[in-house]
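Me: I'd like to learn how to read a structure like this one. Could you walk me through it, one feature at a time?

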Amino acid sequence: MAFAGLKKQINKANQYVTEKMGGAEGTKLDLDFMDMERKTDVTVELVEELQAKTKEYLQPNPTARAKMAAVKGISKLSGQAKSNTYPQPEGILADCMLTYGKKLGDDSIFANALVEMGDSLKQMADVKYSLDDNIKQNFLEPLHQLQTKDLKEVMHHRKKLQGRRLDFDCKKRRQAKGSQITDDEIRSAEEKFAESLQLAQVGMYNLLENDVEQVSQLVTFAEGLLDYHSQCADILRVLVEVLHEKREEASNRPKSEFVPKTLADLNIETLGSQDGMNASPLPSPMRSPARTPMPAAAAAKPTQPCCTALYDFEPENPGELGFKENDVITLIQRVDENWFEGSVNGRTGYFPQSYVQVTVPLP
């Protein structure tokens with residue numbers, strides 16, 4: 001049986017080659033049929049491409065998709081069904097924020113804000129998982145069924161039609177050339193050709209006239225997206241309100257004056273304590289050692305906003321102002337609580353407040 005089927009396929013292939021090489025015109029079908037064929041071919045490409053692009057939309061990371069496919073394949077081979085969920089980017093970012101928010105501690109407003117945002121991103125990841133399940137069940141699965149059942153059946157009838165048309169045309173030409181082809185053989189080939197033609201037409205018609213079902217699936221997809229984005233918008237709206245409250249809380253929290261501890265405060269034995277009580281104490285770690293006294297001319301009280309450099313400052317970024325210890329820097333403006341803008345020796349730039357002592361404050 002297998003040999004007979006193979007021989008039949010070879011004969012049909014030979015018929016097709018003979019028709020093409022001989023330049024013989026086969027039976028042509030009407031324009032309506034050809035248009036249905038064209039639209040069916042487009043539908044075949046559409047269904048395959050739409051499934052692939054939808055999966056990419058739901059799971060954008062190609063590495064994660066490949067890993068999930070590999071695990072799924074191994075599970076099938078081993079006979080063990082293993083559930084493997086796609087790592088949503090919102091969930092990954094949420095884990096990072098929650099981890100470091102907890103490490104910073106409850107006494108930090110910033111840490112509390114991190115935890116709040118992490119929790120919100122977790123909720124968004126869960127909503128995205130629900131969207132994935134919805135789209136897979138109500139959009140991708142029907143497309144897969146269409147591809148593996150209806151489209152497959154239609155393409156089978158079209159392929160069979162092509163073979164029967166070739167057989168019908170070949171037998172007609174052979175009879176016309178005087179070959180021993182009976183009318184019964186011609187009639188049998190014609191009936192099979194007509195049967196396949198009808199099946200192919202009905203199959204393509206039913207496929208192409210199924211707009212209601214196809215549009216309904218698009219409606220389900222769009223409604224799922226709308227529900228997903230609506231839920232995310234609600235989550236983000238609450239989050240923004242909470243973060244505004246956290247910012248207000250942080251701005252209203254009074255800042256306590258911080259005095260750095262010295263080595264003596266920490267009961268650390270120093271060289272001065274070893275040499276005796278008369279040894280001169282070491283300078284504070286926040287001040288440069290061996291500060292030279294300011295000259296008399298610099299001791300005169302300036303009239304414009306300025307500050308005196310406590311230590312040398314070497315610029316590390318463009319726009320920063322470098323200076324030496326005891327330089328008098330003219331203040332231009334305060335940039336923020338930690339930085340000033342000023343000028344010295346004809347140069348202007350930004351510098352940290354901790355490196356200077358304000359002599360005449362800005363108005």
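Predicted model: local features only at pLDDT ≥ 70, side-chain atom pairs only at ≥ 80, totals over all residues.

Me: Then where is Gln 88 placed?

Reply: Gln 88 lies in the loop between α3 (62-78) and α4 (89-104).

Me: Is Gln 88 buried or exposed?

Reply: The general idea is to look at relative accessible area, where under 20% counts as buried. Gln 88 has a relative accessible area of 2%, so this residue is buried.

Me: Which residues is Gln 88 in contact with, leaving aside neighbours within four places in sequence?

Reply: Contact asks for heavy atoms within 4.5 Å. Gln 88 is in contact with Ala 125, Lys 128, Tyr 129 and Asp 132.

Me: Let's step back to the whole chain. How many helices and strands are there in the protein chain?

Reply: The protein chain has 9 helices and 5 strands. Along the sequence they follow the pattern α-α-α-α-α-α-α-α-α-β-β-β-β-β.

Me: And what percentage of the residues is buried?

Reply: Of the 363 residues in the protein chain, 28% are buried. The chain exposes about 25200 Å², and carbon and sulfur atoms supply 55% of that area. As for contacts with a separation of 6 or more, 63% of them are between residues 24 or more positions apart.

Me: Now the helix pairs. At what angle do α5 and α6 pack?

Reply: Helix α5 (residues 109-176) and α6 pack at about 155 degrees, with their axes 8 Å apart. That angle is why α5 is roughly antiparallel to α6. Their crossing is left-handed, and the residues of this contact divide into 13 nonpolar, 4 polar and 12 charged.

Me: How does α2 pack with α6, by angle and by distance between axes?

Reply: Helix α2 (residues 31-58) and helix α6 (residues 183-208) pack at about 55 degrees, with their axes 10 Å apart. The two helices are therefore oblique to each other. The crossing of α2 and α6 is left-handed.

Me: Which residues meet there?

Reply: From α2, you can pick out Phe 33, Met 36, Glu 37, Lys 39, Thr 40 and Thr 43. They meet Leu 197, Ala 200, Gln 201, Met 204, Tyr 205, Leu 207 and Leu 208 in α6.

Note on methods: Residues numbered from 1 in each chain as written. Heavy atoms only, no water. Axes fitted to C-alpha atoms, helices over the stretch in contact; angles between N-to-C directions. Helix = DSSP H or I, 4+ residues; strand = E, 2+ residues; numbered from the N terminus. Parallel < 35°, antiparallel > 145°, perpendicular 65-115°, else oblique. Left-handed = near helix turned anticlockwise from the far one by under 90°. Nonpolar A, V, L, I, M, F, W, Y, C, P; charged D, E, K, R; others polar. Buried < 20%, exposed > 50% of the residue type's maximum accessible area, 1.4 Å probe, protein only. Areas by Shrake-Rupley, 256 points an atom, 1.4 Å probe, with all protein chains shown as cover.
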